[in-house]
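Morning, everyone. I have one chain to show you today. Take a look at it first, then I'll walk you through it.

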Amino acid sequence: MKKEKSDSSRATIEKTLHELFENVRFSKLGFFVLIFLYIGSYVLVVLTSHSEAAIMLGGQPIPYRSITGVFSAIGNLCIVLLVVLYKKPGFLVSMCFLLVSFPSALTGIIKNGNYISIAGIFTNMLTLIAIYMIYSTNTKAEKAQARLRDQAVTDSLTGLPNRFASSELMGALAAKGEKFAVAVLNLKNFKGVNNTMGHSAGNAVLKEVAFRLKKAADSRQTNTHDFVASQGGDEFLLIIRDFRNNDEILETLEQYENVLKDRITVDGCDFFFSASIGWAVYPEDADTVDALLACTSTAMAEVKRGDSGSHILRYTPEIANIEHTLEIERKIRTALENDTLFFELQPQFDMKHQLSGFEALARMKDEDGNCIVPGEFIPVAEELGLIDQIDYVVFRKAAGFFGKLIRETNTKSVLSVNVSVRHLMRNGFLDELREVLKSTGMPPEQLEVEITESIMIDSVDKALDCINEIKKLGIKIAIDDFGTGYSSLSYLNDFPADMLKVDKSFIDRMNTNDSSKQYVAAIISIGHVMNFTVISEGVEQPDQLDTLRNIGCDYIQGFIWGRPMAPDDAENLVKSAMKSA
């Protein structure tokens, strides 16, 4: 029963798309009516052409033979209508009727001397030529229309149905009152492929992604019936039907997310992608197609802004609350004005569980003392251009605390601080750095600045000049979230870094996906070849720790050995580590 239901659903969707640009279809009954009229008119032509009888009209005898042409014209009209309205079937039937009529007419002329049939023969010949020309012209027009139809409903790059086709399908489903879910899928970090490898490589990636999504839909590996379309660029749309509950929708979306996790190789380069997916249900979340698409886009944008670790999010009214974003902006500005931003420290360890340092993490509370998670205020700060101010406050406070801790304990631990690309590229950044080192007494050799590899895309020369100046101060450089960007290895070879940080997204799937495991191993190998030490972020499970130890990772950071902690707790950890050393 389930397979039959799925087949029926698929047929409905395919029929809907096929009919988007189809001409109006005429009924089969009309086809047979025209055939009956032609046969009837042909019989009347034969009867009247051989009859000697006449009818009286206005006192004048009118021979039946004189109205033979009327019935002949009716027959030819039926022939033309068959070809025009019913295309190939009508053309074939008409050709058969006309060709069969020729022997009969010739026999009547030769054997019976019925020379009146000569005009009928020429009429039929002209009709034959006419219907052939009509059919030939219509066939060419239909082929042109088919090409236009395909272009109108198909994405030229991926071959998937396009935005128009998906909108028409959703409109048809909504008109029937059918319940369905829509999800918008956006590739993370795709822009970097175009920036570094060129648009041809980007197009190759999109074709491969489209192929995987369509293959998953066609294979029916989910418990739902799915339709995949391209929305343009790196955005795809899924229409999901035949689900029993929201859990089945989520399971379906997780399967589509999983098909993207295997590496994509283009021009000898391996890429790994994850997706941001926002979804909504008709008619629960919206009662029109346009509103439904707006809901999915809002949810997808929220996933891209967030830092929850989940890549799939259903729309809720709260997500679209612009007032909420404005409120976060107000709280950020208030925290900056009142200097109430603070920091926590997450410990970092070597593979023998020996403390090596801490990463300073920005934290914020509102006026009522409620914590605002970084995934909520950091994206807003980046969008508003306030992230460099947050960086500076956290850096100054963390350096002040750590400088004092070093003087009191003589610890060799390293303080790692995040610096945004925007902050690093500011003209006054180096002056800020020197001022903080001087005012806090923080030893430069125990300070590490974390920057993302995307800076090598934004402005290579200026970035290298700034980083070289930082190195001259004795400060270490770490490349954060390594593997999620697309920096050229030639740039990295000249990059005066000390450490690579492997992004948490690769660690999460390292032991469930062999390609990801090999990718992490390759990053570690590249780092060691370039004389970098390597630290893996987000290590939470014992099996992850075992794998990293086996493939030669140098350091780890994650919940398995240490969560972010208050400065006092970090101080106690340092003192405890020094006692046990």
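This is a predicted model: local features need pLDDT of at least 70, side-chain atom pairs count only at pLDDT 80 or more; totals for chains, interfaces and linings use all residues.

The chain has 581 residues, and 45% of them count as buried. It holds 21 helices and 18 strands. Now the contacts.

Next, a helix pair. Two packed helices are described by the angle between their axes and the distance between the axes. Here the pair is helix 12, residues 387-409, and helix 14, residues 429-440. Their angle is about 35°, and the axes lie 9 Å apart. The crossing of helix 12 past helix 14 is right-handed. Who makes the contact? From helix 12 we have Tyr392, Phe395, Arg396, Ala399, Gly400, Gly403 and Arg407. Helix 14 supplies Glu432, Leu433, Glu435, Val436 and Thr440. Sorted by class, that is five nonpolar, three polar and four charged residues.

Move on to helix 19. This helix covers residues 514-529, so to speak a run of 16 residues. From first C-alpha to last, helix 19 reaches 22 Å, close to the 22 Å expected at 1.5 Å a residue. Which of its residues are buried? They are Ser515, Ser516, Tyr519, Val520, Ile523, Ile524 and Gly527. And what do these buried residues pack against? Three strands come up: strand 15 (476-482), strand 16 (499-502) and strand 17 (533-537). Two helices do as well: helix 18 (504-508) and helix 20 (542-550). Just after helix 19, look at Asn531. Its phi is positive, about 65°.

Now a single residue, Ser276. You'll find Ser276 in strand 8, residues 275-282. Is Ser276 buried or exposed? Its relative accessibility is 0%, and the cut-off for buried is under 20%, so Ser276 counts as buried. Leave out residues up to four places away in sequence, and Ser276 still touches Val184, Leu185, Asn186, Lys188, Met300, Val303, Lys304 and His311.

Last, the cysteines. Cys295 has a relative accessible area of 7%, so Cys295 is buried. Cys553 sits at 5% and counts as buried too.

That's my tour. Questions, please.

Note on methods:
Residues are numbered from 1 along each chain as its sequence is written. Side-chain values use heavy atoms; hydrogens and water are left out. Helices (H or I, at least four residues) and strands (E, at least two) are DSSP runs, numbered from the N terminus. The expected span of a helix is 1.5 Å times one less than its number of residues. Buried means under 20% relative accessible area, exposed over 50%, partly exposed in between (1.4 Å probe, protein chains only). Contact means heavy atoms within 4.5 Å. Axes are lines fitted to C-alpha atoms, for helices over the stretch in contact, and angles run from 0 to 180 degrees between N-to-C directions. A crossing is left-handed if the near helix is turned anticlockwise from the far one by less than a right angle, and right-handed if clockwise. Ala, Val, Leu, Ile, Met, Phe, Trp, Tyr, Cys and Pro count as nonpolar, Asp, Glu, Lys and Arg as charged, and the others, Gly among them, as polar.
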